[in-house]
Amino acid sequence: MGTKTKVSVAVLVVIGLAGVGGWKMVARPERASLPPASGFGPHPELPPPNATLMPTINVATPRRWENGQKPAVPAGLSVSAYATGLDHPRWLYRLPNGDILVSESNSPGTDITTLKNRVARFIMGRAGAGERSPDKIILLRDTDGDGRADLRAVFLEHLYSPFGIALIGSDLYVANANAIMKFPYQEGETAIHDPGVKVADLPAGYNHHWTKNILASPDGRFLYVTVGSNSNAADNGMEAEKGRARIDRLDLSTGELGPYATGLRNPNGLAWNSQTGALWAVVNERDEIGSDLVPDYITAVKEGAFYGWPYSYYGQHVDQRVQPQQPDLVARAIAPDYAVGTHTASLGITFSDDATALPDQWRHGLFVAQHGSWNRRPKSGYKVIYIPFDNGQPSGPPQDVLTGFLTKDEDHVHGRPVGLALDGSGALLVADDVGNTVWRVTAAHQP
């Protein structure tokens, strides 16, 4: 029997156990013992690790929005669909003229072939993440100002699992899963037909965390680039992690690409804090040591800093699974600023200073899109939260902005929030990659 056949049989054994009553034993070996709030804030509670034979699996299967259904908002806010019928919308970017670009994207399917990863792909397929990548960027335009896009066009196509977007002058940069591309842009155009040029290669090959985000520096000299790890905790050795688990900085004048900060398992959203000028990021932490570990986090990213992965988490909490250990690196690891819950898969962030279409109480902090857990019991995330800031730092507990993605029994999910942006009127836009919708949040009295 060949290796691939053995792996397939093993996967079927796992699935079969699930189907005959072994699911609880194999796929749900533990559950959280701490309240969700313990995984939030500047000092989250970090219990002893609870390693499991198999990853905890607790999937919400898709049941998309129907008959006018939509997410829920707190009093004083309103939500409506800015665009529907999209194809796996992941990331959002607002152009200077107010047009919204949407990366329609999914995994390129190039992860290393192991039993665990085959099981994970099966699980993620059940969670709505198994479709083929559309590999497009869509342009949305609200021509009449009614809060709904009435013009839609394929802006760029034939990409490779695109994610981050940044415009500097007349150069539009797109982060594919394997490279940063540059395209010429003219304001107002609804499509780019130029094939573009490659600016820099990005780590590819096996691509466990495939999403690559980019953010321009305020002066336009640099692009900051997120590159996630190739495994959970260096499962395939550190050679497979070369150039990964970090935020890079690309000098656009020289083409030099180098590390800005390292030890970040899977950084995604990036944003500039206008009060302090600091670069903030949201990072997905490691799995398989229990539903109470490890919280995802947001942090001001310090140049040259090491944040622990894979050797430690939340500063200097050593991960004993990683061998050989590196105590010299762990001694340098710094703790992040603020935890945003365990296994919430927090992806998109945007500061709310310019959210002028929202009440004042929502305009002094950071919005965070939480894609939602598939490996925690009970489930976590599946919402957009707001974290108030004061003097450039988080200053209070998170507040729910957009909820209702999970059904009440938590067995199904209508959608999963990913990318965030503010539109030209100051409303919050949320990309929902399972609901194939971009949602728009305003004050309750706004159109």
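Student: How much space lies in the second largest pocket?
Tutor: A pocket is an open set of points on a 1 Å grid over the protein atoms alone, where a 1.4 Å probe fits, with protein on both sides within 12 Å along at least five of seven lines. A volume is the space filled by probe spheres set on the points, which are joined across faces, edges and corners. For the second largest pocket of this predicted model, that space is about 880 Å³.

Student: Which residues lie closest to the centre of the second largest pocket?
Tutor: Lining residues have an atom within 4 Å of a point. The lining numbers 29 residues, and the closest to the centre are Tyr93, Leu215, Leu270, Ala271 and Thr350.

Student: Is His414 buried or exposed?
Tutor: His414 sits in the loop between strand E27 (412–413) and E28, strands being DSSP runs of at least two residues, numbered from the N terminus. Buried means under 20% relative accessible area, exposed over 50% and partly exposed in between, with a 1.4 Å probe and protein chains only. Because its relative accessible area is 9%, His414 is buried.

Student: What separates the C-alpha atoms of Tyr160 and Asn176?
Tutor: Residues are numbered from 1 along each chain as its sequence is written. Tyr160 lies in the loop between strand E7 (151–156) and E8. Tyr160 and Asn176 are 16 residues apart along the chain, and their C-alpha atoms are separated by 5.3 Å.

How values were computed:
Predicted model: local features only at pLDDT ≥ 70, side-chain atom pairs only at ≥ 80, totals over all residues. Heavy atoms only, no water. Helix = DSSP H or I, 4+ residues; strand = E, 2+ residues; numbered from the N terminus.
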